[in-house]
Amino acid sequence: MDFSTPNRVLPVLETIDRLYETEVRPREEALAHRLDDSRNYLDADGHLHPELWQARREIMSAAADAGVYSCYLPESLGGLGLGRHEMVFVEERVYRYGVGLNPALLSWTEGATPRLIFCSPQQRERFVDPLVSGRATSLHGVTEPQAGSNFFDFTTRAERRPDGTWELNGHKAFITNVFEADIAHVLCVTDSAAGKRGFTYFQFETAPAKAAGTMRLGKTFQTMWGDGITGEFVLDGLVLTDENVLGEVGGAFEISMTSINWTRMRRAGMCSGWGTFLIEATLERAKSRIVGGKPLGSNQGIQWLIADMWNDWFTTRAMSLAVTWEVDNPGPWWKTERSKDEVRKICALKLQNDEAFYRIADRAVQVHGAAGMMRDSAVNKLFLIARNLRVPGGSDEVQRSTIAQTLGL
Ligand SMILES: Cc1cc2nc3c(=O)[nH]c(=O)nc-3n(C[C@H](O)[C@H](O)[C@H](O)COP(=O)(O)OP(=O)(O)OC[C@H]3O[C@@H](n4cnc5c(N)ncnc54)[C@H](O)[C@@H]3O)c2cc1C
């Protein structure tokens, strides 16, 4: 096991640094009045302001053109085929730039997702290329108003009609990027008696469905940090064909597990990068803030808070690198069959990252004092994001339950 930066990743990191300087920083400076003031961050409907969306889309396209946006995907789909271990280094480089427009450099929930691996060659031009090229965005519709943690509670249905088409009906809630998504991936029940084989993913362009009234956007759910991209939608008689099936009929459980394992492991670089950003900001504050005639950081009580932040960051990163190394060897990271040992370690990675990052963010707020509690400060935004991370992608409790189950309980 080698913890040094892999050679294959070095040019990707250089590209990220270059893109940050040429594509991200100038846009962050031009849009500082929106990024740094939550009163200007959203439009009149409470959605992410169109100028910020425009900037994100431009950064996504530039990152895709430079080959980094979806670099975790196999080369056959337009990625660089990087493994999960390599991606820890890539993700932490992107996230250590903070909480501005930098996350748009890499595809995430609303971009080219690992579910694309399950698309057929015939679906590539329509559903894969637009997302991998950063020209389109997506949504992942799984959660419902009455169902979240338990897969078998979902009720959105896709029924086969006599003419062979499918009719979709249901209600999805707490969906990231629901207002902007060009392409939707929606989990449906296709056979309620078939257990894990009873679920199917459908993918479709949102514009025609919205125009026909068979996909209706609902409420905006304003998150703790007011991102303006989360909400709900209703499917009301949306008719699709087999060409819209993502993977195979009855195959959604496996696809979902692959996708969620990716989401869980992606925490590693995200929490390491943002953790580094918070540690650096907190060190700077501790050195420059004078309290009672001396730097805040000269007090042992403050030093211990920062030492604990670093210790959480370092032990968590070491664990993440170890787990992702094991997942990649022999790999690949998207394989659907996983041993209990692997599943337990992936859940442990998510749990450890989310809880450690939350402690890091909490201590960063404490050292910053009132300045860390101001709504638009980067420290406060990351504290709220850290609190949020502990629920989506499988909550802390879901990770603990799976760890216990794989230990035989
Ligand atoms: C900002 C944000 C973005 C999101 N984006 C998306 C998205 O893009 N697509 C999507 O499909 N969903 C999305 N979600 C939804 C997210 O996946 C769900 O919130 C998550 O799966 C938990 O479901 P729930 O909120 O319904 O909680 P519930 O299932 O109601 O659970 C509530 C609490 O009880 C705990 N709990 C549940 N069962 C047990 C048990 N057996 N034992 C012990 N504790 C238990 C849970 O851990 C949780 O803490 C998003 C959520 C947020 C907050």
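**Exercise 1. Find the ring that R390 lies over, and give the distance from the ring centre.**

Solution. Start at R390: it sits over the face of Y358, at 4.9 Å from the ring centre. Keep in mind that we're working with a predicted model here. Now try R56, which lies over the face of W53 at 4.8 Å from the ring centre.

**Exercise 2. Classify the aromatic pair Y72 and W333 by its geometry, then say which parts of the chain the pair ties together.**

Solution. Step one, the background: searching the whole structure turns up 18 aromatic pairs. Step two, the geometry: the ring centres of Y72 and W333 are 5.6 Å apart and the planes make 45 degrees, so this pair is tilted. The angle falls between the limits, because under 30 degrees would count as stacked and over 60 as edge-to-face. Step three, the location: Y72 is in the loop between helix 4 (50-65) and helix 5 (84-95), while W333 is in the loop between helix 9 (300-328) and helix 10 (340-368), so the pair ties together parts 261 residues apart in sequence.

**Exercise 3. Which residues of the largest nonpolar core touch the most other members?**

Solution. The core has 91 residues, and V90 and L116 are the ones touching the most other members. Helix 8 gives the most to this core, with 12 residues. Zoom in on V90: leaving out residues up to four places away in sequence, V90 touches V9, V12, L13, I16, C71, L82 and L106. Another core, of 20 residues, lies apart from the largest one, and its members include L139, W166, A209 and M215.

**Exercise 4. Which residues come nearest to the ligand?**

Solution. There are 15 residues around the ligand, and H140, T143, S149, S395 and E397 come nearest. Now check individual atoms. A polar side-chain atom of T143 is 2.6 Å from a ligand nitrogen atom. For S395, an N or O atom in the side chain is 2.3 Å from an oxygen atom of the ligand. V142 uses its backbone: a polar atom there is 2.9 Å from a ligand oxygen atom.

Technical notes:
Residues numbered from 1 in each chain as written. Predicted model: local features only at pLDDT ≥ 70, side-chain atom pairs only at ≥ 80, totals over all residues. Heavy atoms only, no water. Phe/Tyr/Trp six-rings, centres within 6.5 Å; stacked < 30°, edge-to-face > 60°. Helix = DSSP H or I, 4+ residues; strand = E, 2+ residues; numbered from the N terminus. Lys NZ or Arg CZ within 6 Å of the ring centre and 35° of its normal. Core = buried A, V, L, I, M, F, W, Y, C linked by side-chain atoms within 4.5 Å. Buried < 20%, exposed > 50% of the residue type's maximum accessible area, 1.4 Å probe, protein only. Contact = heavy atoms within 4.5 Å. Near = heavy atom within 4 Å. Polar contact = N/O pair within 3.5 Å; in protein donor to acceptor, adjacent residues only side chain to side chain.
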